[in-house]
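Visitor: Hi, I'm new to this. Can you walk me through the model on the screen?
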Amino acid sequence: MADFSSRLTEAIEIRGVTQKWLADEADTTEATISRYLNGKASPAILVILGNIAKALNVSSDFLIGITNLAQSKETISIEEKIILSVWKNISADDKRVLFALLDKYLTPNDKALLEKGE
């Protein structure tokens, strides 16, 4: 698992935010964010969450409900990446055709999720 401190530092730099802003948004203190950035502390749950995600071959985002995509990005094939990248350009009619073709492969849970999304 990548070092939390370096990932957090990188994310703050990419987003161009301050430690104070992040602390306010994350409902914590600036001192806590500082300890994370300096590597003096790390949320204990990260180790457990990382281990569970790795064992199940899913993303931690999936486990905590940020995304519904269970697979971690590293396990997505090139074909899946291409489909995901062109999805936004597909018309609603074409999406209906694709789902009609895929229907026999969809689980009841998949179908329920699709119905919710409509």
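Guide: One term to begin with: a contact means heavy atoms within 4.5 Å. This is a predicted model, where local features need pLDDT of at least 70, side-chain atom pairs count only at pLDDT 80 or more, and totals for chains, interfaces and linings use all residues. Residues are numbered from 1 along each chain as its sequence is written, and side-chain values use heavy atoms, with hydrogens and water left out.

Visitor: OK, S5. Which residues is S5 in contact with, leaving aside its neighbours within four places in sequence?
Guide: S5 touches Y36, L37, N38 and G39. S5 itself is found in helix α1, residues 4-15. Helices (H or I, at least four residues) and strands (E, at least two) are DSSP runs, numbered from the N terminus.

Visitor: What does the side chain of S5 reach at 2.6 Å?
Guide: The backbone oxygen of L37. A polar atom of the S5 side chain also lies 3.2 Å from the backbone oxygen of Y36. A polar contact is a pair of N or O atoms within 3.5 Å; within protein, one must be able to donate a hydrogen and the other to accept it, and residues adjacent in sequence count only if both atoms are side-chain atoms.

Visitor: Is S5 buried or exposed?
Guide: S5 counts as buried, because its relative accessibility is 12%. Buried means under 20% relative accessible area, exposed over 50%, partly exposed in between (1.4 Å probe, protein chains only).

Visitor: And S60? Where does S60 lie?
Guide: In helix α5, residues 60-63. S60 is partly exposed, at 32% relative accessibility. Beyond its neighbours within four places in sequence, S60 is in contact with L49 and A53.

Visitor: New topic. What is phi of D27 near?
Guide: Near 55°, a positive value in a residue other than glycine. Most residues other than glycine have a negative phi. D27 sits in the loop between α2 (19-25) and α3 (30-37). D27 is exposed, with a relative accessible area of 72%.

Visitor: Zoom out. How many helices and strands does the chain have?
Guide: The chain has 8 helices and 0 strands. Its radius of gyration is 19 Å, well over the 13 Å that the globule rule gives for 118 residues, so the chain is more spread out than a compact globule. That radius is taken over C-alpha atoms, and the rule is 2.2 Å times the number of residues to the power 0.38.

Visitor: What box do the C-alpha atoms fill?
Guide: Roughly 55 × 30 × 25 Å, taken along the principal axes. Of the 118 residues, 15% count as buried.

Visitor: Last one. Which residues lie nearest the centre of the second largest pocket?
Guide: L69, I83, L84, F99 and L102, out of 20 lining residues. A pocket, on a 1 Å grid over the protein atoms alone, is an open set of points where a 1.4 Å probe fits, with protein on both sides within 12 Å along at least five of seven lines; lining residues have an atom within 4 Å of a point. The elements giving two or more residues to this lining are α6 (78-87), α7 (92-102) and α8 (108-117).
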